[in-house]
Amino acid sequence: MAASPVNQLNAHISNMLATGLLDEHFTALRRLQDAESPDFVDGLVTNFLNDGDRIFGKLAQLLERPFVDLDVVSNHLMKLKGSSASVGARHVRLACIQLLQLTSQQKNRDEWISTLARGRAAFDEVRREFQTMVQLERQI
Amino acid sequence: MAGAAASSVDRKIRVLLVEDEAINRAVARAVPKAAGGVELNEAENGEEAVRRVRELGTGGGAYDLILTDRQMPVMDGHEATRQIRALGVTTPIVGVSSDCLAADVDAFIKAGADDLTPKPLSKEKLDRILAKFGLA
């Protein structure tokens, strides 16, 4: 017998937590959701995914320029680090920390690009899993 | 630097949240709702926070607690804290930042804040902060 939608959703979220994609802050967010704001978590996740898409796109553009303004890069990374911390997107937050460390080191463009690609991959992974989570929620 | 506690059991604790990112404000907004008894006002940068605090003065309409992000456009959390202290405001100010190493805590305290807590804000963290400053 197929698992109920609620069980599937809980199993999916448990897996995201167990693999380290999400941390306890996501669990705390779900506790803040109530009957008055049933779409609270979905709304935050949607905003986070839109922001993340925009910021990674911006970072890729910045790194293509002959001169990379590291202050601008840092500002974008700090924003994404903060919002990923707020939604509990652990891998993305850690990727932002790695990229921020590069801003204080004399790293070449190739290292920047490869680290950014890893960060983007972490973001794409959490986006896929969040999208699955939203689909499961809609079945409830 | 503890400010005045709420003077009445029925009076809500007035908190000013200073945060530029919409997601972080949305999370922080939900926390007082869960904690109960807290009225949350918001400012999107340090300059707006200083203006709001200056307008309220140090009388009965003043904030009981200020929670501020560090990195914000227009005016950051450190500078906002310095300017609020320069107004003679003794309300507890707590930094809320994703950088919470010892050096980050020191920088906020040197600016005049009372404490620093890591992002994101949670009900548990807010409860601890309110208890620490005698506001619970």
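## Burial and surface

A residue counts as buried when its relative accessible area is under 20%, taken with a 1.4 Å probe and protein chains only. In this predicted model, 46% of the 140 residues in chain A are buried.

The accessible surface of chain A amounts to about 7400 Å². Carbon and sulfur atoms account for 49% of that surface.

## Overall fold

Chain A contains six helices and zero strands. Read from the N terminus, its elements follow the order α-α-α-α-α-α. The C-alpha trace of chain A extends over about 55 × 30 × 20 Å along its principal axes.

Contacts in chain A can also be sorted by sequence separation. Of those between residues at least 6 apart in sequence, 67% link residues at least 24 apart.

## Packing of α2 against α3

Helix α2 of chain A covers residues 24-32, and helix α3 of chain A covers residues 40-64. Their axes come within 8 Å and cross at roughly 135 degrees. Angles over 145 degrees would count as roughly antiparallel and those from 65 to 115 as roughly perpendicular; α2(A) and α3(A) are therefore oblique to each other.

On the α2(A) side, the contact is made by Phe26(A), Leu29(A), Arg30(A) and Leu32(A). These meet Phe40(A), Val41(A), Leu44(A) and Val45(A) of α3(A). By class, the residues in this contact of α2(A) with α3(A) are seven nonpolar, no polar and one charged. Arg counts as charged, and Arg30(A) in α2(A) is among the contacting residues.

Technical notes
Residues numbered from 1 in each chain as written. Chains lettered and ligands numbered in written order. Predicted model: local features only at pLDDT ≥ 70, side-chain atom pairs only at ≥ 80, totals over all residues. Heavy atoms only, no water. Axes fitted to C-alpha atoms, helices over the stretch in contact; angles between N-to-C directions. Helix = DSSP H or I, 4+ residues; strand = E, 2+ residues; numbered from the N terminus. Parallel < 35°, antiparallel > 145°, perpendicular 65-115°, else oblique. Contact = heavy atoms within 4.5 Å. Buried < 20%, exposed > 50% of the residue type's maximum accessible area, 1.4 Å probe, protein only. Areas by Shrake-Rupley, 256 points an atom, 1.4 Å probe, with all protein chains shown as cover.
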